Amino acid sequence: MPGKRTMRVRRVYDPPEDDDGVRVLVDRLWPRGLSKERAAVDEWPKELTPSTELRRWYHEDRTRYAEFRERYEAELAEPEPARALDRLLGLAKSDTVTLVTAVKDIDHSHVPTLVAALGRGRPSG
């Protein structure tokens with residue numbers, strides 16, 4: 001179906017699959033112990049990741065997840081991340097986009113907020 005967004009999320013440590021399409025690393029830091037060849041990452045838009053300041057703030061106290069999401073949504077609404085979101089949405093119109101991450105607990109990371117922003121077509125804020 002033309003214009004349908006096909007996006008999925010996988011751990012970057014899992015072996016790439018033939019149907020991954022464009023693999024996009026959505027972490028600010030490169031995954032430990034993983035070569036670039038093994039990661040098979042096509043894009044690494046660091047502007048879509050939480051700022052170092054926000055990431056460190058959240059890692060100090062994981063009970064602040066709701067506020068972390070709000071702050072991250074505000075960051076995604078800034079011009080540079082918004083352009084990067086538009087780019088991913090454009091890629092997803094013609095190919096599968098697989099967001100890859102090293103985080104173990106994807107449900108309590110930045111990834112669901114990023115996926116929601118991509119699903120809306122634009123971040124809130």
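User: Which residues do ring pairs link into a cluster?

Analyst: A pair of aromatic rings is described by the distance of the centres and the angle of the planes. In this predicted model, the cluster linked by ring pairs consists of Y58, Y65, F68 and Y72. The count of aromatic pairs comes to five.

User: How is the pair of W30 and W44 arranged?

Analyst: The ring centres of W30 and W44 are 5.2 Å apart and the planes stand at 70°, so this pair is edge-to-face. It joins distant parts of the chain, 14 residues apart: W30 is in the loop between β2 (22-25) and α1 (36-39), and W44 is in the loop between α1 and α2 (52-60). W30 has 25% relative accessibility and therefore counts as partly exposed; W44, at 28%, also counts as partly exposed.

User: What kind of aromatic pair do Y58 and Y65 form?

Analyst: The pair of Y58 and Y65 is tilted, with 5.8 Å from centre to centre and 50° between the planes. Both Y58 and Y65 are buried.

User: At what angle do helices α4 and α5 pack?

Analyst: Two packed helices are described by the angle between their axes and the distance between the axes. Here α4 (residues 79-94) and α5 (residues 111-120) pack at about 70°, with axes 10 Å apart. The two helices are therefore roughly perpendicular to each other, and their crossing is right-handed.

User: Which residues meet where α4 packs on α5?

Analyst: From α4, L85, L88 and L89 meet L114, A117 and L118 of α5. The residues of this contact comprise six nonpolar, no polar and no charged.

Note on methods:
Residues numbered from 1 in each chain as written. Predicted model: local features only at pLDDT ≥ 70, side-chain atom pairs only at ≥ 80, totals over all residues. Heavy atoms only, no water. Axes fitted to C-alpha atoms, helices over the stretch in contact; angles between N-to-C directions. Helix = DSSP H or I, 4+ residues; strand = E, 2+ residues; numbered from the N terminus. Parallel < 35°, antiparallel > 145°, perpendicular 65-115°, else oblique. Left-handed = near helix turned anticlockwise from the far one by under 90°. Contact = heavy atoms within 4.5 Å. Nonpolar A, V, L, I, M, F, W, Y, C, P; charged D, E, K, R; others polar. Phe/Tyr/Trp six-rings, centres within 6.5 Å; stacked < 30°, edge-to-face > 60°. Buried < 20%, exposed > 50% of the residue type's maximum accessible area, 1.4 Å probe, protein only.
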